[in-house]
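Subject: A structure for you to look at

Hello,

Here is the structure I promised to pass on. Please open it beside this message and read along.

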Amino acid sequence: MRIAVVATGGLHPSGREQVVPSWLALLSRLAHRHEIHAFVLKHLPEPQTYDLLGFTVHDLGRPSALVGPSRWAQQRSLRRALNGAGSFDLIHGLWGDPAGQFAVRGGRRNKVPSLATMDSGEFVSLPEIDYGSQRTLNGRRAVALACQATKVHVCSQFMAGLAAAHGVDAVMIPLTTVTAPESRKQPVLTSGPLKLIQVASLSKVKNQHLLIDALAILTRSLDAHLDLVGEDTLGGTLQRHAAERGVAARVTFHGFVPQDQLSPLLADADIYVQTSLHEAAGVSVLEAAAAGLPVIGTRFGYVADWARDRARAIDRMDAALLAQAIATLHADADEARAMAARAQAWALERDVSWVADRFDALYRELAGVTQPM
């Protein structure tokens with residue numbers, strides 16, 4: 001089959017920086033079975049086509065480093081690129097706005113099925129941080145159109161529930177980077193410094209302020225350290241906040257770390273902590289679980305799916321509540337070990353090969369193509 005994938009970015013030719021690792025993992029494996037062409041709407045400064053891990057990327061370019069093309073210009077560029085690449089059996093949009101809506105329009109125009117992956121803020125409105133497609137009329141319209149795809153895909157049961165609240169019946173398949181069975185020493189340490197970790201861009205929606213505040217409370221009674229791994233989009237705000245809370249020496253800001261260098265950081269940690277104001281799923285939670293880390297966090301994405309047997313969830317953005325949850329789990333090594341083992345089994349069973357098999361079956365179902373004998 002020939003599959004067209006539409007994305008806003010995340011497929012940089014380096015394969016290491018400015019990428020969405022779970023997309024690379026999926027598309028590279030599907031490329032062994034199908035001819036995959038990914039159309040990137042506005043990433044590189046100039047249009048170009050290149051091979052990436054066995055599939056073809058058509059980057060449509062952006063005219064300015066500061067101001068990208070309008071939606072209509074993106075759509076016209078995508079139409080030309082799709083026509084130039086030949087016919088396709090299916091068009092898959094990664095994220096609802098705008099890739100999902102463009103996939104729907106492209107599918108209608110070319111009379112082929114469309115698939116829209118909702119794995120971001122499509123069904124939420126968080127005006128206090130300017131996040132979520134439901135905040136604006138244009139965002140709501142874009143998501144509503146994307147939901148008219150032949151099939152809507154989400155990555156967690158939590159996100160499936162949000163979709164259902166909008167009248168959308170979605171198929172749930174996780175996206176992941178987990179590739180093989182992994183193990184780590186158990187149990188969580190009960191002596192020595194408690195090592196916390198979070199892997200996410202430093203941003204308002206990831207809400208690392210909450211974690212730094214919880215750390216400040218924890219360190220009144222525990223020797224604890226926090227590793228924050230991810231690109232800083234907040235211009236040093238969190239570093240200043242850590243200093244103000246008196247924990248600057250207890251937080252290591254690693255910045256961006258390539259995917260192939262994450263394992264040592266996870267192996268050295270005791271507990272993974274999610275503090276997001278919204279999480280559609282959370283690939284980093286899967287990576288932490290696969291490495292054997294117990295997970296605590298806000299009740300979104302996989303943390304919501306897994307609570308209470310595979311993860312601990314808190315229901316309020318309350319630093320004292322988060323600190324208490326971390327301290328309680330840290331003190332109960334047997335429970336932490338059992339919970340981590342259950343999450344690890346779930347994450348390892350649904351590795352990238354398992355996920356690719358599910359997408360292969362879904363693509364064939366949507367396109368009406370049966371598996372060859």
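Which helix gives the largest share of the positive patch? The answer is helix α2 (residues 71-85), which supplies three residues. Before the details, two notes on the source. This is a predicted model, in which local features need pLDDT of at least 70 and side-chain atom pairs count only at pLDDT 80 or more, while totals for chains, interfaces and linings use all residues. Residues are numbered from 1 along each chain as its sequence is written, and side-chain values use heavy atoms, with hydrogens and water left out.

Back to the patch. The residues that form this positive surface patch are R76, R79, R80 and R109. A patch is built from residues with over 30% relative accessible area and no salt bridge, where like charges are joined within 9 Å and nonpolar side chains (Val, Leu, Ile, Met, Phe, Trp, Tyr) within 5 Å. Lys and Arg count as positive and Asp and Glu as negative, with His and the chain ends not counted; a charge is placed at NZ of Lys, CZ of Arg, CG of Asp or CD of Glu. Areas come from the Shrake-Rupley method with a 1.4 Å probe, and for residues only the protein chains shown count as cover. Helices (H or I, at least four residues) and strands (E, at least two) are DSSP runs, numbered from the N terminus. Within α2 you will find R80, which is exposed at a relative accessible area of 54%. Here exposed means over 50% relative accessible area, buried means under 20%, and partly exposed lies in between (1.4 Å probe, protein chains only).

Next, the covered parts. Is strand β1 (residues 2-7) mostly covered or mostly open? Mostly covered: six of its six residues are buried. R2, A4 and V6 lie on one side, with I3, V5 and A7 on the other, and both faces are covered. In a regular strand, side chains alternate between the two faces of the sheet. β1 pairs with strand β2 (residues 35-40) in the parallel sense over six bridges; two strands count as paired if DSSP finds at least two bridges between them. Opposite V6 you will see F39 of β2. Helix α1 is largely enclosed by the rest of the structure, because eight of its 10 residues are buried. Among them are W23, L24 and L30.

Now the charged pairs. Side chains of opposite charge can pair when their charged atoms come close. A salt bridge here is a side-chain nitrogen of Lys or Arg within 4 Å of a carboxyl oxygen of Asp or Glu, and the whole structure holds 15 of them. One of these joins D357 to R33, with the closest N and O atoms 2.5 Å apart. D357 sits in helix α13 (residues 352-367) and R33 in the loop between α1 (21-30) and β2, so this pair ties together parts 324 residues apart in sequence. D357 is partly exposed at 37% relative accessible area, and R33 is partly exposed too, at 35%.

Helix α13 also holds D360 and R364, four residues apart, about one turn of the helix. Their salt bridge has its closest N and O atoms 3.1 Å apart. D360 is buried at 5% relative accessibility, and R364 is buried at 12%. Through shared partners, salt bridges join R33, D357, D360 and R364 into one network.

A further salt bridge links E335 and R312 (2.5 Å, N to O). E335 belongs to helix α12 (residues 333-349) and R312 to strand β14 (residues 312-314), so the pair connects parts 23 residues apart in sequence. E335 is partly exposed at 25%, whereas R312 is buried at 13%.

Finally, some backbone details. Where are the cis peptide bonds? One joins D97 and P98, with omega about 5°, and P98 is in helix α3. Another joins A307 and R308, with omega about 15°; R308 is in the loop between α10 (301-306) and β14. K111 has a positive phi near 60° without being glycine, and this residue is exposed at 75%. D130 likewise has a positive phi, near 55°, and is exposed at 56%.

Enjoy exploring!

Best wishes
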